[in-house]
Amino acid sequence: MAAPSLVLFIDRSLFARRVKDNRPAEQRDPGWKLFGKVPPREGPIKDPKKIQKEYETKSGRAGPGNPTSPRQSVRKNLDFEPLSTTALILEDRPANLPAKPAEEAQKHRQQYEEMVAQAKKRELKEAQKRRKQLEDRCRLEESIGSAAQTWIQDILPNWSAMCTSRRVRDLWWQGIPPSVRGRVWSLAVGNELNITHELYNICLSRAKEKWKTTAAPSAETEPEDSGSLDRESSLELIKLDISRTFPQLCIFQQGGPYHDVLHSILGAYTCYRPDVGYVQGMSFIAAVLILNLDTADAFIAFANLLNKPCQMAFFRVDHSLMLTYFAAFEVFFEENLPKLFAHFKRNNLTPDIYLIDWIFTLYSKSLPLDLACRVWDVFCRDGEEFLFRTALGLLRLYQDVLTCMDFIHMAQFLTRLPDLLPAEQLFQHIAAVHMSSRNRKWAQVLQALTEQKRSGARQSGAEALS
């Protein structure tokens with residue numbers, strides 16, 4: 001009957017209001033009597049530092065000849081025994097309770113030793129994992145630093161002579177060091193449009209005028225060409241889309257350090273190419289360039305990138321040419337992954353469902369940013385073919401998962417790829433993709449499909465006339 005009275009005592013001590021009681025200590029603390037202990041003496045409160053020092057002295061942990069160190073305090077070797085564990089398992093029971101049987105005491109000690117051994121093993125495993133991660137990071141930093149020196153001292157000064165060499169292509173595949181990535185991208189993309197910094201400033205000035213006009217419309221505004229007006233009205237769409245560009249970085253949103261820069265580049269482009277205007281997805285491409293280049297150089301690279309045939313077909317929404325690209329992709333899809341290709345066909349999963357987002361943003365929205373930059377590295381070297389080769393690499397990486405899914409789950413998976421995507425594994429799968437079908441390369445297959453479509457259009461036109 002002692003246990004219930006203990007519970008009642010604990011309930012009162014926790015929730016009852018404290019009232020000064022002048023009764024003797026023996027009468028005030030029945031709970032202490034239950035365990036055969038003496039109530040605490042009332043006296044001056046000890047300094048915590050003094051209590052800590054007394055504890056260390058008693059336990060033999062510190063002293064003039066044995067000072068504590070941070071390494072010892074990390075519980076690396078687990079020399080100590082946690083008080084809560086020893087109290088429950090190892091200490092003898094109070095004098096007024098029956099003693100533990102020898103078998104039970106031995107069993108508890110064995111369980112305790114097993115717990116400590118498991119804890120030591122777990123901490124050793126974690127320490128080895130951290131050490132390996134640190135060593136891998138150090139090796140990676142050393143390799144990046146060495147590669148950066150090679151690019152700066154050997155390759156960039158002799159770009160025209162070395163950019164197509166085997167050595168440079170191998171270095172390119174491994175990833176361009178971030179310190180020289182912007183310069184390499186600029187050289188690889190080129191400037192066929194001959195855009196200057198002055199032209200960028202002119203386009204930016206016109207964009208700012210348009211923003212003012214949009215903000216305060218005037219009845220005296222002269223009428224303009226309707227197509228040009230429609231395209232340049234996309235300046236307003238830019239503001240809505242910037243907030244959704246790399247939101248996890250918080251640098252392109254309102255108040256962020258690169259918000260105005262991104263806004264300026266996209267606005268200047270809509271005035272430079274009013275026939276294209278702003279299309280959703282452009283903000284991701286411009287943002288990646290801003291992270292690696294100065295503003296004017298980022299605009300030059302941005303305009304030249306979007307002027308490539310594949311990007312222009314997608315951003316101008318040329319349905320006929322987009323279907324040709326999808327058809328060419330399916331040729332190599334069937335060649336490299338016949339089982340997965342057949343599975344997609346059975347479920348009516350067409351390339352436009354997942355490829356459009358990948359191509360529109362050059363994978364910068366779909367992949368982790370550092371991995372997307374590695375894809376961009378080789379894309380700048382190999383051109384549009386590498387965009388579709390990367391798509392086949394992703395399908396190859398996840399083909400075992402995809403073959404077990406239905407249409408809805410496949411579409412959801414491919415439009416939202418896993419966040420933790422293994423970079424080295426992906427590039428191994430990309431390298432295993434063969435961009436050759438019946439001894440024809442990507443460009444030849446695309447050209448053949450384009451001519452086939454044109455001849456079909458001419459034939460149908462002739463039949464319509466007859």
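Both Phe315 and Phe360 are buried, a term that denotes under 20% relative accessible area, with exposed standing for over 50% and partly exposed for values in between (1.4 Å probe, protein chains only). The structure is a predicted model, in which local features need pLDDT of at least 70 and side-chain atom pairs count only at pLDDT 80 or more, while totals for chains, interfaces and linings use all residues. Residues are numbered from 1 along each chain as its sequence is written, and side-chain values use heavy atoms, with hydrogens and water left out.

Rings of Phe, Tyr and Trp (its six-membered ring) were paired if their centres lie within 6.5 Å, with planes under 30 degrees apart taken as stacked, over 60 as edge-to-face and the rest as tilted. The count by this rule is 29 aromatic pairs. Among them, the rings of Phe315 and Phe360 have centres 5.0 Å apart and planes at 80 degrees, so this pair is edge-to-face. Distant parts of the chain are linked by the pair, since Phe315 belongs to helix 16 (residues 309-315) and Phe360 to helix 19 (residues 352-360), 45 residues apart; helices (H or I, at least four residues) and strands (E, at least two) are DSSP runs, numbered from the N terminus. For Phe329 and Phe333, the ring centres are 5.8 Å apart and the planes stand at 45 degrees, so the pair is tilted. Both of these residues, Phe329 and Phe333, lie in helix 17 (residues 319-336), four residues apart, or about one turn of the helix, and both are buried.

The axes of helix 13 (residues 259-272) and helix 14 (residues 282-290) come within 10 Å and cross at roughly 125 degrees, where axes are lines fitted to C-alpha atoms, for helices over the stretch in contact, and angles run from 0 to 180 degrees between N-to-C directions. Helix 13 and helix 14 are therefore oblique to each other, given that angles under 35 degrees count as roughly parallel, over 145 as roughly antiparallel, 65 to 115 as roughly perpendicular and the rest as oblique. In the contact between these helices (heavy atoms within 4.5 Å), Val261, Leu262, Ile265, Leu266 and Tyr269 of helix 13 meet Met282, Ser283, Ala286, Ala287 and Ile290 of helix 14.

Gly182, found in helix 9 (residues 178-189), is buried, with a relative accessible area of 5%. Its C-alpha atom is separated by 8.6 Å from that of Leu291, 109 residues apart along the chain, and Gly182 touches Asn292 and Leu293, not counting residues up to four places away in sequence.
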